Amino acid sequence: MNGRVDYLVTEEEINLTRGPSGLGFNIVGGTDQQHVSNDSGIYVSRIKENGAAALDGRLQEGDKILSVNGQDLKNLLHQDAVDLFRNAGYAVSLRVQHRLQVPNGPIAHRGEGEPSGIPIAMVLLPVFALTMVAAWAFMRYRQHL
């Protein structure tokens, strides 16, 4: 493994309806308390069980929230971001960046029951090719007898 980590970054619009416990997640980050080095963005630190975000299912811990109801979250103090969420109203639209780690290199962690990662065609194709060559050689050999 070469030590490099690759990520697949996607963005999604998530609409949540505020419930009894608010939007159902906690945030970290801001210009005054960076969660990620050299990034003052706002990140989801916790999804509350049975909250609006958990029931929706798309927002995940570690997601970066880019905007709330169209308002950009760049360069905000943490408390200003908290206030923005609290005052966002009943129906809240979030622009979210998901960052998924992509396995890199020949050695990647695999959970129990997951395939080895080598497609069966990668094994069967060379075996088939060798079988065909052997059959052709055998037929040529038999013709010369």
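Helices (H or I, at least four residues) and strands (E, at least two) are DSSP runs, numbered from the N terminus. The model is predicted.

**Exercise 1.** Find where Asn 75 lies, and decide whether Asn 75 is buried or exposed.

*Solution.* 
Step 1. Look between strand S5 (71–72) and helix H2 (78–86): Asn 75 lies in the loop there.
Step 2. Take its relative accessible area, 62%.
Step 3. Exposed means over 50%. Asn 75 is therefore exposed.
Step 4. Check the backbone. Phi of Asn 75 is near 55°, a positive value, and the residue is not glycine.

**Exercise 2.** Describe the surroundings of Ser 93.

*Solution.* 
Step 1. Locate the residue. Ser 93 belongs to strand S6 (residues 91–102).
Step 2. Its relative accessible area is 16%. Buried means under 20%, so Ser 93 is buried.
Step 3. List the contacts, leaving aside neighbours within four places in sequence. Ser 93 touches Glu 13, Ile 14 and Asn 15, and also Ser 67, Val 68 and Asn 69.
Step 4. Look at the side chains. Those of Ser 93 and Glu 13 are joined by a polar contact of 2.3 Å.

Notes:
Residues numbered from 1 in each chain as written. Predicted model: local features only at pLDDT ≥ 70, side-chain atom pairs only at ≥ 80, totals over all residues. Heavy atoms only, no water. Buried < 20%, exposed > 50% of the residue type's maximum accessible area, 1.4 Å probe, protein only. Polar contact = N/O pair within 3.5 Å; in protein donor to acceptor, adjacent residues only side chain to side chain. Contact = heavy atoms within 4.5 Å.
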